[in-house]
Amino acid sequence: MPNHTLKAASATAQASILVSLLPIIGVVFVAYLVIGLALPVLPLHVHEGLGHSTFIVGIVAGSQFEIAVFTRAWTGYYADSRGAKHAVVVGLLVAVLSGLCYLLSLLFLNRPALSVTILLLGRMLLGVGENFIITGALSWGLALGGTQNTGKVMSWVGTALYAAFAIGAPIGTALYASNGFAAIALAATLIPLVTLFLVAPQRAIAPSLKARPSFAKVIGAVWLPGVGLAISGVGFGAVTTFLVLLFAKHGWGQAWLAITLLSIAFIVGRVFFGHLPDKSGVKVALVCILIEAVGQALIWLAPQPALAFVGVTLTGLGYSLVYPSFGVEALRRAPVDSRGMAMGAFTSFLDLSLGLTGPALGLVASGVGLDSVFLASTLIVMCSLAIAARLLFVPSTLEKAVGATHENLNDNVVE
């Protein structure tokens, strides 16, 4: 068959997969607008509106991810055993409850401690809801696209997620400026409720899990790429939690643009290079980690907003393929019938990273200043290079099995 015919057939197949994933991508996009709207304004509401310290800002921002660490295994098992669509629906319902907590917290603005406690509860519920949504969406997408397209499915779903961040950041800033945090809280309640109507007509995929595997076995399979993901995620956590406060400190303005640039760069990386993780795995992660670290260093050194914007853009571009690159390696090591649990376990490392990044870097900010946050994040992100390098020399379960099969075949041939 001529080469151009093969390329045309491959392009047609990829387009067909993308079309089948569009409803799932749409659900992820709309659902993640809730997080995107709050990204640029939550630190301002907690720090300036309620008068709490940067450490408390870090706790509130990170709580969504901290609770996710403890629920990833549960949501992954739920998606495998009950079906991906059920997991997404449950996630959306929990997200509605989170928005209601946001609204409730506004009734106690004159009691900042109580208000931030209720807000913290809402953030934790959002973490559980986000767990169900993203784990269900990834399981659903992998069932439709096949494991041979793991990197592409993760890239497309991630593109929808960060497109929501890119669009949500300026909208959230505008809503906050005109109507305060009440507008954010109302949107956080209504958006997941409306998204349920997008999910309802979609065809469910039959559960893949026949018997519950050991979570320890799944963790044992994915922990190494998971640690790499966790360390590299510190740069993203630093930007989303502290960049708004850094801009406010310097009086630069337009902090929402930084969040949008982060998301746009992330999307560009996924759209144009999203096919690379399926082919090259962690080799892609090595390059991307370096780009992310350079971006963090530029934010630390920036004497003016223009250089900070460049740093944010490089951070988004570099970080864009770290998740699918490590994710491909994680799934290669995981049990075949436990994709949901494997993705939940793998992603829990990112949750752990983002959950700890907020309070830890908040202490750095309180102790030595906001600028030092990005020096710390630069050094930490660089550490993930060692994990990516090690993964190049540690064969996955699949590779070991294939190698063993080849050895047996060779032995039989000799005999």
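Helices are DSSP runs of H or I with at least four residues, numbered from the N terminus. The expected span of a helix is 1.5 Å times one less than its number of residues. The model is predicted: local features need pLDDT of at least 70, side-chain atom pairs count only at pLDDT 80 or more, and totals for chains, interfaces and linings use all residues. Residues are numbered from 1 along each chain as its sequence is written, and side-chain values use heavy atoms, with hydrogens and water left out.

Helix H5 covers residues 112-145, 34 residues in total. Its first and last C-alpha atoms lie 48 Å apart, close to the expected 50 Å. H5 is mostly covered, with 24 of its 34 residues buried (under 20% relative accessible area, 1.4 Å probe, protein chains only).

Nonpolar cores were defined as sets of buried Ala, Val, Leu, Ile, Met, Phe, Trp, Tyr and Cys residues joined through side-chain atoms within 4.5 Å. The largest core holds 116 residues. Tyr32, Leu243 and Phe326 have the most contacts inside it. Helix H8 (residues 215-250) gives the most to this core, 16 residues. Another core, of seven residues, lies apart from it; Tyr78, Ala79, Val94 and Val128 are among its members. Leu243 touches Ala238, Ala258, Ile299, Val312 and Phe374, residues up to four places away in sequence not being counted (contact: heavy atoms within 4.5 Å).

Points are joined across faces, edges and corners, and a volume is the space filled by probe spheres set on them. The whole structure has two cavities of 30 Å³ or more.

H6 gives the most, six residues. The lining divides into 21 nonpolar, seven polar and five charged residues (nonpolar: Ala, Val, Leu, Ile, Met, Phe, Trp, Tyr, Cys and Pro; charged: Asp, Glu, Lys and Arg; polar: the others, Gly among them).

The second largest cavity has a volume of about 70 Å³. Tyr32, Glu130 and Pro192 are among its lining residues. H1, helix H4 (84-105) and H5 each supply at least two residues of this lining. It divides into nine nonpolar, one polar and one charged residue.

Note on methods
Buried means under 20% relative accessible area, exposed over 50%, partly exposed in between (1.4 Å probe, protein chains only). On a 1 Å grid over the protein atoms alone, a cavity is a set of points where a 1.4 Å probe fits but cannot get out, and a pocket is an open set with protein on both sides within 12 Å along at least five of seven lines; lining residues have an atom within 4 Å of a point.
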